[in-house]
Amino acid sequence: NFISAVVPPGEIGVRFDDIGALEEVKKALNELVILPMRRPELFSRGNLLRPCKGILLFGPPGTGKTLLAKAIATEAEANFISITGSTLTSKWFGDAEKLTKALFSFASKLAPVIIFVDEVDSLLGARGGAFEHEATRRMRNEFMAAWDGLRTKDSQRILILGATNRPFDLDDAVIRRLPRRIYVDLPDVENRMKILKIFLAQEYLEPNFRFDELANVTEGYSGSDLKNLCIAAAYRPVQELLEEEKVAKSDASTVLRPLRLDDFIQSKA
Ligand code: ATP
């Protein structure tokens with residue numbers, strides 16, 4: 001199984017609303033992917049409005065590219081196939097042709113479908129010169145050939161969505177096949193606040209918890225960094241109780257103190 005996941009739309013469990021911030025990105029994806037998949041008839045007349053075959057999401061690690069890919073599939077009511085570039089090339093040397101054919105024939109049966117290729121640079125990275133492994137080269141060529149071979153009928157309902165932290169490593173031939181490139185940036189202060197509100201929505205917080213202050217002191221944090229910080233902070237009241245060991249186990253959830261801003265500041269250090 002070189003495919004790391006195949007999920008039907010109702011079971012993906014991520015919607016656009018679960019993603020804090022990235023409003024512009026969501027808007028662009030709605031026009032480029034979701035609408036054409038849900039309402040293909042709107043895009044079938046004339047030649048100008050052709051649904052796009054490939055999209056590249058690029059930007060720093062942990063900014064929500066994988067999350068966006070999943071949410072797109074949910075919102076477009078499409079199946080979701082996920083493959084990881086580095087696993088493909090390291091594990092499956094030698095079987096490039098068979099695997100790629102299998103992937104694309106499987107995908108056309110599942111259409112509408114989003115094929116998410118994480119670390120697309122390792123599968124479809126720049127031609128690696130003398131040191132490039134023969135099998136990597138073959139895999140890439142097979143993949144691109146199969147991609148080009150998608151029939152028009154299918155291509156409306158099969159979208160390749162690549163993600164990378166290293167867009168400059170991509171081959172020109174791949175860049176051309178991913179005509180729409182969307183930058184997924186680190187969140188600014190307003191957006192960090194939105195993301196934090198999503199992560200902390202179900203937590204027991206001190207009254208008037210200072211989201212603005214927490215957003216201020218987390219400059220440079222990705223969504224993923226913010227999540228890790230919240231998890232670390234949420235652990236502190238638990239740890240204090242364990243250290244004090246003054247309550248019976250069954251009482252713990254009722255005596256746990258609320259989370260304070262300071263838990264986050266301490267967890268950052
Ligand atoms: P990488 O480039 O390292 O693969 P990525 O950009 O694909 O990272 P994700 O895997 O989507 O990032 O994000 C990691 C985790 O961070 C997600 O599971 C999610 O919990 C959280 N996350 C990141 N960005 C956001 C966001 N904008 N809103 C809510 N959660 C987010």
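The legends below describe close-up views of a predicted model.

Local features are given where pLDDT is at least 70 and side-chain atom pairs where pLDDT is 80 or more, while totals for chains, interfaces and linings use all residues. Residues are numbered from 1 along each chain as its sequence is written, and side-chain values use heavy atoms, with hydrogens and water left out.

**View 1. The protein chain, with its 13 helices and six strands.** Helices (H or I, at least four residues) and strands (E, at least two) are DSSP runs, numbered from the N terminus. The chain has 269 residues, of which 43% count as buried. Buried means under 20% relative accessible area, exposed over 50%, and partly exposed in between (1.4 Å probe, protein chains only). Among contacts between residues at least 6 apart in sequence, 80% join residues at least 24 apart. Contact here means heavy atoms within 4.5 Å.

**View 2. Packing of helix α9 (residues 189–199) on helix α11 (residues 223–244).** The two helices pack at an angle of about 45°, and their axes are 10 Å apart. Axes are lines fitted to C-alpha atoms, for helices over the stretch in contact, and angles run from 0 to 180 degrees between N-to-C directions. α9 and α11 are therefore oblique to each other. Angles under 35 degrees count as roughly parallel, over 145 as roughly antiparallel, 65 to 115 as roughly perpendicular and the rest as oblique. The crossing of α9 past α11 is right-handed. A crossing is right-handed if the near helix is turned clockwise from the far one by less than a right angle, and left-handed if anticlockwise. On the α9 side the contact is made by R192, I195, L196 and F199, and on the α11 side by G223, L226, K227 and C230. The residues of this contact comprise five nonpolar, one polar and two charged. Ala, Val, Leu, Ile, Met, Phe, Trp, Tyr, Cys and Pro count as nonpolar, Asp, Glu, Lys and Arg as charged, and the others, Gly among them, as polar.

**View 3. The buried residues of α9.** N191, R192, I195 and L196 are buried in this helix. They cover an arc of only 140° around the axis, which puts them on the same side of α9. The arc is that of the directions from the helix axis to the C-beta atoms. The buried residues of α9 pack against α10 (211–216) and α11.

**View 4. Packing of α11 on helix α13 (residues 261–268).** The angle between these helices is about 115°, and their axes are 8 Å apart. α11 passes α13 in a right-handed crossing. From α11, residues L229, C230, A232, A233, R236 and P237 take part, and they meet D263, F264, Q266, S267 and K268 of α13. Six nonpolar, two polar and three charged residues make up the contact of α11 with α13.

**View 5. E240 in helix α11.** With 27% relative accessibility, E240 counts as partly exposed. Residues up to four places away in sequence not counted, E240 touches R257 and R260.

**View 6. The cis peptide bond from A111 to P112.** Omega of this bond is near 0°. P112 is located in the loop between α4 (96–110) and β4 (113–118).

**View 7. T100 in helix α4.** T100 has 2% relative accessibility and counts as buried. Leaving out residues up to four places away in sequence, T100 is in contact with M139, E142, F143 and A146.

**View 8. A21, a residue with positive phi that is not a glycine.** Phi of A21 is about 65°. A21 sits in the loop between β1 (3–7) and α1 (23–38). Its relative accessibility is 4%, so A21 counts as buried.

**View 9. E119, a residue other than glycine with a positive phi.** The phi value of E119 is near 50°. E119 belongs to the loop between β4 and α5 (120–124). Its relative accessibility is 33%, so E119 counts as partly exposed.

**View 10. R38 in helix α1.** R38 has a relative accessible area of 44% and is partly exposed. Apart from neighbours within four places in sequence, R38 is in contact with E75, A76 and E77. The C-alpha atoms of R38 and L214 are separated by 39 Å, the two residues being 176 residues apart along the chain.
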